[in-house]
Amino acid sequence: MRMAALDFSASPVNTRETFQRTMDLALEETGAKKKIALLGSTGSIGTQTLDICREKPENFEVVSLAAGSNVDLLAKQIALFKPKMVSVATEDLVPALRERLSDMGVRGADLPTVTSGAEGIVATACHDDADTVVTGIVGCAGLLPTVEAIKRKKTIALANKETLIAGGPAVLPLLKEYGVDMVPADSEHSAIFQCLQGFPPGALRRIILTASGGAFRDWPAADLAKVTVADALTHPNWDMGAKITVDSATMMNKGLEVIEAHYLFGADYDDIDIVVHPESIIHSMVEAQDTSVIGQLGWPDMRLPLLYSLSWPHRVRMSYDKLDLAKLSKMTFKEPDRVKYPCIDLAYAAGREGGSMTAAMNAANERANEIFRKEVISFVDIPRVIEVVMEAHKADLMATPSIEDIVNVDLWARGKVDEAAAQLKELVGA
């Protein structure tokens, strides 16, 4: 049974209120420096965000950084950007970070406050001086710090898909309650967001998400049973982290983006399509009510959508390579193979069920992706265990889950994946 429709007057984009706010901000003189809290500073999103901040120090100041366990890279980031607060994954990493900083000569006023764990990430996101939070943490770990940042009325540069995929039913009302801007920072949703600038409410007819096709776009479906972890971690176009690269290989990333587009832009699932575009030049498109289609183009470079999420609605001149269509020569498109990539239909099904189902599906995918990378299950087992979890969750489906409910569903789904994986192993052994 499908859940009741969500009130999309709370959507962060494509409403009367957001249309007016965009116009007002666009007409304002810009000159104020954005102060950035960056979650996931040592990952792919984080390092590319810092590339932007390094190139444009007159536009962006780094206030706080949350990293994982890569203290060597974090120490270099601290020395360069001099944030006021940083966070590491666990308390036992703090002495190592302090030692690195001492060896690099970072001392006195240049030493940041150092925090750790989940509480440290929240503190980093909620730093008093930050006005914009880049949520570059992968997975559901990014949900709670984003919620707390919303409550502190920080602008959210959304690079963490799971914030809306798992938490959409609870997060959208919070955005409306606190009057917070949420600007997508991944390439596809940034493209849609850019195309919609100037679209009045009601003008959007359809969203067209483009997909590279991932590592196996040219593989026969029968060969997917032979996929290795190394195969799945080789993306033809984009430089991304391991989890997202595997999601691209299964095309679950595109299914997740469908759900995120539903929550961000208020589009019905019947009005969100996927098309495979191997060149990754058109990053996504929107169709207006009159059937005009508008797309956003650029070389496949994650810095472009990240930059716009920081500078919106203004444009910052950069030294990047200009798009040369003559050099490109051609662009191609095809329908995704939904038999070859069952994760696409699993994501659509979860979205249409609504409520807590997207949280269960998202957590199941995260865990299945993780244990595939640990070689516990095969590549083709990923959708199988996700489907088991979704089927099991139907008995406990919640229409309007709270943040606490979503966290509990996330934990349950991960355990259910491990249970399903063990059963698969027994069957294969038999």
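**Helix packing, sheets and buried residues**

Q: At what angle do α12 and helix α16 pack, and how far apart are their axes?
A: Helix α12 and helix α16 (residues 357-373) pack at about 150°. Their axes are 12 Å apart. Keep in mind that this is a predicted model.

Q: Roughly parallel or antiparallel?
A: Roughly antiparallel. Angles over 145 degrees count as that, so the pair qualifies.

Q: Which hand is the crossing of α12 and α16?
A: Left-handed.

Q: Which residues meet there, between α12 and α16?
A: From α12, M252, L256, I259 and Y263. They meet T358, M361, N362 and N365 of α16.

Q: What does N365 touch, leaving out residues up to four places away in sequence?
A: K243, D247, M252, L256, I382 and I386.

Q: Where do K243 and D247 sit, and what do they meet in α16?
A: Both are in α11. A242, K243, V246 and D247 of that helix meet N365, E366, N369, F372 and R373 in α16.

Q: How do the axes of α11 and α16 cross?
A: Helix α11 covers residues 242-250. Its axis and that of α16 come within 10 Å and cross at roughly 100°. That makes α11 roughly perpendicular to α16.

Q: New topic, sheets. What is the order of the open sheet of 4 strands?
A: The order is β9-β8-β10-β11, with mixed pairing. The edge strands are β9 (272-276) and β11 (293-297), and each pairs on one side only. From one strand to the next, the twist averages 20°.

Q: In what sense do β8 and β9 pair?
A: Parallel, over 5 bridges. Strand β8 runs through residues 204-211. Within this pair, L209 stands opposite I274 in β9.

Q: Which strands does α12 touch on that sheet?
A: Helix α12 (residues 252-265) touches β8 and β9. The direction of α12 makes about 155° with that of β8.

Q: And which strands does α9 lie across?
A: Helix α9 (residues 187-196) lies across β8, β10 (282-288) and β11. It runs at about 40° to β10.

Q: How many residues of α9 are buried?
A: 10 of the 10, so α9 is largely enclosed by the rest of the structure.

Q: What follows α9?
A: G198, with a positive phi near 95°.

Q: How many bridges join β6 to β7?
A: 3 bridges, with the strands running parallel. Strand β6 spans residues 155-158. I156 stands opposite M182 in β7.

Q: Last one, F81. Which helix is it in?
A: F81 lies in helix α3, residues 71-81. At 16% relative accessibility, F81 counts as buried.

Q: What does F81 touch, again skipping residues up to four places away?
A: L50, C53, R54 and V62.

Q: How far is F81 from D181?
A: Their C-alpha atoms are separated by 25 Å. Along the chain, F81 and D181 are 100 residues apart.

Note on methods
Residues are numbered from 1 along each chain as its sequence is written. This is a predicted model: local features need pLDDT of at least 70, side-chain atom pairs count only at pLDDT 80 or more; totals for chains, interfaces and linings use all residues. Side-chain values use heavy atoms; hydrogens and water are left out. Two strands pair if DSSP finds at least two bridges between them. Helices (H or I, at least four residues) and strands (E, at least two) are DSSP runs, numbered from the N terminus. Axes are lines fitted to C-alpha atoms, for helices over the stretch in contact, and angles run from 0 to 180 degrees between N-to-C directions. Contact means heavy atoms within 4.5 Å. Angles under 35 degrees count as roughly parallel, over 145 as roughly antiparallel, 65 to 115 as roughly perpendicular and the rest as oblique. A crossing is left-handed if the near helix is turned anticlockwise from the far one by less than a right angle, and right-handed if clockwise. Buried means under 20% relative accessible area, exposed over 50%, partly exposed in between (1.4 Å probe, protein chains only).
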